[in-house]
Amino acid sequence: MPPCKHKYTILKQICQHIPAHLVSKLSRSFGIDKQSRTFSCWSHIVSMLHVQIAHSLSLNDVSDTLRNHSGALTPIRRATPPSRNGLSHANRVRDPLMAETLFWEVLSHIQNKHLDFGRGHKYSGLPRRFKRAIYAVDSTTIQLVANCIDWAKHRRRKAAAKCHMQLNLQTFLPQFAIVKEASTHDSTEAYQLCQDLKSGEIAVFDKAYVDFKHLADLDRRELFWVTRAKDNMKYRFVKQNTEPKGNIQYDALIELEMPKSREAYPKKLRLVKAYVEINGEKKLMKFITNNMQWAPSSICDLYKCRWGIEVFFKQIKQTLQLSDFLGHSQKAILWQVWTAMLAYILIRYIGFLGQWKGAFSRLFTLLRGYYSAGWMFLALWLPVGQHVVHRVWLAALSRLICRVLICSKILRK
């Protein structure tokens with residue numbers, strides 16, 4: 001996608017994919033329109049998207065950059081630059097549930113508009129022989145500063161938020177997410193994360209989400225699931241399921257021994273013990289599942305594909321740099337997390353429209369590079385009303401700088 005040097009900037013190309021009526025509709029339903037005077041809800045969304053794309057480090061960074069290029073915000077549905085205190089107040093006071101709802105509404109709008117959105121994504125670790133929908137369930141910890149964020153303290157000197165995610169591995173798009181403090185165990189969110197899964201689909205999750213009542217509920221709903229067995233799980237062998245071969249140590253049917261566990265899950269489980277290659281080294285792992293028909297190697301491959309969700313978390317946390325937060329309150333953290341997710345979806349959609357075949361990280365790097373270039377050319381190419389004289393002077397100044405740089409290179413030679 002070539003960079004635009006006119007009023008059609010990179011930021012506008014990203015924001016235009018948000019339906020025009022949606023933000024005003026949500027601001028009215030959540031009562032945010034009554035809280036805003038000069039800094040509208042749409043301007044808030046545009047500013048937070050700029051934070052993620054430009055990797056802004058502070059409130060001053062955001063407000064100064066957008067104020068210096070306020071003329072570029074006007075074509076983006078009349079967005080206005082925020083002040084430092086205005087952006088801080090908006091993040092602290094406005095309901096972050098609106099940002100969460102906006103994310104799911106935009107994702108639903110894009111998927112309804114393009115039914116094949118995300119289908120072209122090919123995760124290399126996904127087993128191709130499975131035609132059913134495969135969902136990975138996992139969580140990632142977002143480290144915070146303990147001495148100024150009391151709401152997220154989960155240890156004496158540690159504070160963190162946790163994002164629980166249900167990810168469709170075929171499309172690499174989130175289907176359900178929970179963002180909250182990290183003080184609760186993962187298994188407490190298992191029911192909510194898997195409540196929308198349908199019969200015949202496959203859920204793959206880590207042993208932190210193992211709750212035998214929850215596993216029995218998935219089995220009653222005719223869902224297939226694969227997870228790792230906990231080290232302290234007490235069981236007895238019933239019979240051998242298949243003959244061991246290759247990396248498979250054994251494949252057996254088991255029953256739980258502990259009374260509470262047996263009461264929660266009275267049926268038989270399938271236990272597969274096998275060597276799995278991780279980073280070039282083979283490690284011995286135990287897997288449990290409720291499917292008795294799959295090959296043992298398929299069960300191992302299914303669990304290995306769960307690690308694809310770590311790639312998704314890396315794209316969110318490292319590529320979009322979801323680590324430098326602009327505020328310390330719970331609402332400010334949630335606003336930034338959900339707008340980062342929104343930026344991810346919009347950039348993925350731009351790559352889909354442009355038939356991008358490379359990695360998401362490279363696409364983001366290109367957009368971010370063009371984004372900076374777009375701002376530089378903005379003052380030279382955009383009509384700024386009465387400030388045409390300033391535009392001419394800036395053009396002359398840019399030509400002068402280019403000549404000085406060329407002369408300096410010639411002198412060095």
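## Contacts around Phe312

Contact here means heavy atoms within 4.5 Å. Leaving out residues up to four places away in sequence, Phe312 touches Met165, Leu167, Phe172, Pro174, Met341 and Tyr344.

A quick note on the source: this is a predicted model, where local features need pLDDT of at least 70 and side-chain atom pairs count only at pLDDT 80 or more, while totals for chains, interfaces and linings use all residues. Residues are numbered from 1 along each chain as its sequence is written, and side-chain values use heavy atoms, with hydrogens and water left out.

## The nonpolar cores

A nonpolar core is a set of buried Ala, Val, Leu, Ile, Met, Phe, Trp, Tyr and Cys residues joined through side-chain atoms within 4.5 Å. Buried means under 20% relative accessible area, exposed over 50%, and partly exposed in between (1.4 Å probe, protein chains only).

The largest core has 94 residues, and Phe312 is among those with the most contacts inside it, along with Ile18, Leu102, Met165 and Leu342. Helix α13 (residues 330-353) supplies the largest share of this core, 15 residues. Helices are DSSP runs of H or I, at least four residues, numbered from the N terminus. A second, separate core has 28 residues, including Phe205 and Trp225.

## Aromatic rings

Rings of Phe, Tyr and Trp (its six-membered ring) pair if their centres lie within 6.5 Å; planes under 30 degrees apart count as stacked, over 60 as edge-to-face and the rest as tilted. There are 16 aromatic pairs in the structure. Tyr303 and Trp307 make an edge-to-face pair, because their ring centres are 6.0 Å apart and their planes sit at 80 degrees.

Phe312 turns up again in one aromatic cluster with Phe172, Phe313, Tyr344 and Phe360.

Methods. Helix = DSSP H or I, 4+ residues; strand = E, 2+ residues; numbered from the N terminus.
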